[in-house]
Amino acid sequence: MLALILTNSKPKPNHFTPMWPHTDDPHANQPVLNGGAELDGAELYAIMLHGRGAHPNDMLGLASYFNQQHVRYIAPQAFNNTWYPFPFTYPPQQNEPFLTSALNRVGGLLEELYSHNITSDRIFLMGFSQGACLAIEFAARNPRSYAGIIGLSGGLIGDRIDPQRYQGSMNSTPVFLGCSDIDPHIPAERVHETEKIMKTLEADVTKKIYPGMGHTVNEDEIDFINGLINSGLAGT
């Protein structure tokens, strides 16, 4: 198993006071790190979203296990290293303005790539833990043809799943959902619910639940993601 992107344990909400930003868009001007191929020379692009209390370097460390020659890895940093302050299974309004700002940050990075004539079917959205939840939520709210959606220990965001929030088609976009059956932060049932929504959005979903794994990333997940990337490169 890989331990390079483990996040801190999620704090108990009654013991946690988030550092409140001086803006309603706290993630807007945070740094972005890059790795892999150069922007103009890449064939595929991956927006990589870190977990709670982690750093973009953690995601670029994960990217070192993937094809580097033809893929541009883009890793934004969250305000205070946290995309939203409370657990992802809380009502979304309790995670504002952080959640909307985080979703807008992902959308802004996509728009920047589009401005370089890079189409969404060449772009992966990938995240671990809190970052996985964000990647999955963004894709479900903004369905289209992506190169792939990769959620490592994550699921759709909210105290309940409202299917009306997710409308449209992902046009057979490959979606990978990997998680432990005993993950202390991600209920397995939420992963199952996420799979159903993604299938309703016409995604090509692969879900893998790993017995006893804990909150981390394993070699099987790495191999599967490499397979998706290599398939994407073969199709470009």
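Student: How many aromatic pairs does the count come to by the rule?

Tutor: Four aromatic pairs. The rule takes rings of Phe, Tyr and Trp (its six-membered ring) whose centres lie within 6.5 Å; planes under 30 degrees apart are stacked, over 60 edge-to-face, and the rest tilted. One of the pairs is Phe66 with Tyr73, at 6.5 Å centre to centre and 35 degrees between the planes, which is tilted.

Student: What should I know about the source before going on?

Tutor: Residues are numbered from 1 along each chain as its sequence is written, and side-chain values use heavy atoms, with hydrogens and water left out. This is a predicted model, where local features need pLDDT of at least 70 and side-chain atom pairs count only at pLDDT 80 or more, while totals for chains, interfaces and linings use all residues.

Student: Why is Phe66 called buried?

Tutor: Buried means under 20% relative accessible area, exposed means over 50%, and partly exposed is in between, with a 1.4 Å probe and protein chains only. Phe66 has 5%, so Phe66 is buried. Tyr73 is at 0%, so Tyr73 counts as buried too.

Student: Why is the pair of Phe79 and Phe98 called tilted?

Tutor: The ring centres of Phe79 and Phe98 are 6.4 Å apart and the planes stand at 35 degrees, so the pair is tilted. Phe79 sits in the loop between β3 (71–76) and α2 (98–114), Phe98 sits in helix α2, and the two are 19 residues apart, so the pair is one that links distant parts of the chain. Helices (H or I, at least four residues) and strands (E, at least two) are DSSP runs, numbered from the N terminus. Both Phe79 and Phe98 are buried.

Student: What makes α2 and α3 mostly covered?

Tutor: In α2, twelve of 17 residues are buried. Among them are Phe98, Leu99, Arg105 and Tyr114. In α3, eleven of twelve residues are buried. These include Gln130, Cys133, Glu137 and Ala140. The cover of the buried residues of α2 includes β1 (32–36), β2, β3, β4 and α3. For α3, the cover includes β2 (44–49), α2, β4 (123–128), β5 (148–152), β6 (174–180) and α4 (188–200).

Student: Why is α2 called roughly perpendicular to α3?

Tutor: Axes are lines fitted to C-alpha atoms, for helices over the stretch in contact, and angles run from 0 to 180 degrees between N-to-C directions. α2 and α3 pack at about 70 degrees, with their axes 10 Å apart. Under 35 degrees is roughly parallel, over 145 roughly antiparallel, 65 to 115 roughly perpendicular and the rest oblique. That makes α2 roughly perpendicular to α3.

Student: Which residues make the contact between α2 and α3?

Tutor: Contact means heavy atoms within 4.5 Å. From α2 come Leu99, Ala102, Leu103, Val106, Gly107 and Leu110; from α3 come Leu134, Glu137, Phe138 and Arg141. They divide into seven nonpolar, one polar and two charged. Here Ala, Val, Leu, Ile, Met, Phe, Trp, Tyr, Cys and Pro count as nonpolar, Asp, Glu, Lys and Arg as charged, and the others, Gly among them, as polar.

Student: Where is Phe86, and why does Phe86 count as buried?

Tutor: Phe86 is in the loop between β3 and α2. Its relative accessibility is 16%, so Phe86 counts as buried.

Student: What about the backbone in the loops?

Tutor: Glu96 and Pro97 are joined by a cis peptide bond, with omega about 5 degrees. Pro97 lies in the loop between β3 and α2. Ser129 is not a glycine, yet has a positive phi of about 60 degrees. Ser129 is in the loop between β4 and α3. Asn171, also not a glycine, has a positive phi of about 55 degrees. Asn171 is in the loop between β5 and β6.

Student: Are Ser129 and Asn171 buried or partly exposed?

Tutor: Ser129 has a relative accessible area of 1%, so Ser129 is buried. Asn171 is at 46%, so Asn171 counts as partly exposed.
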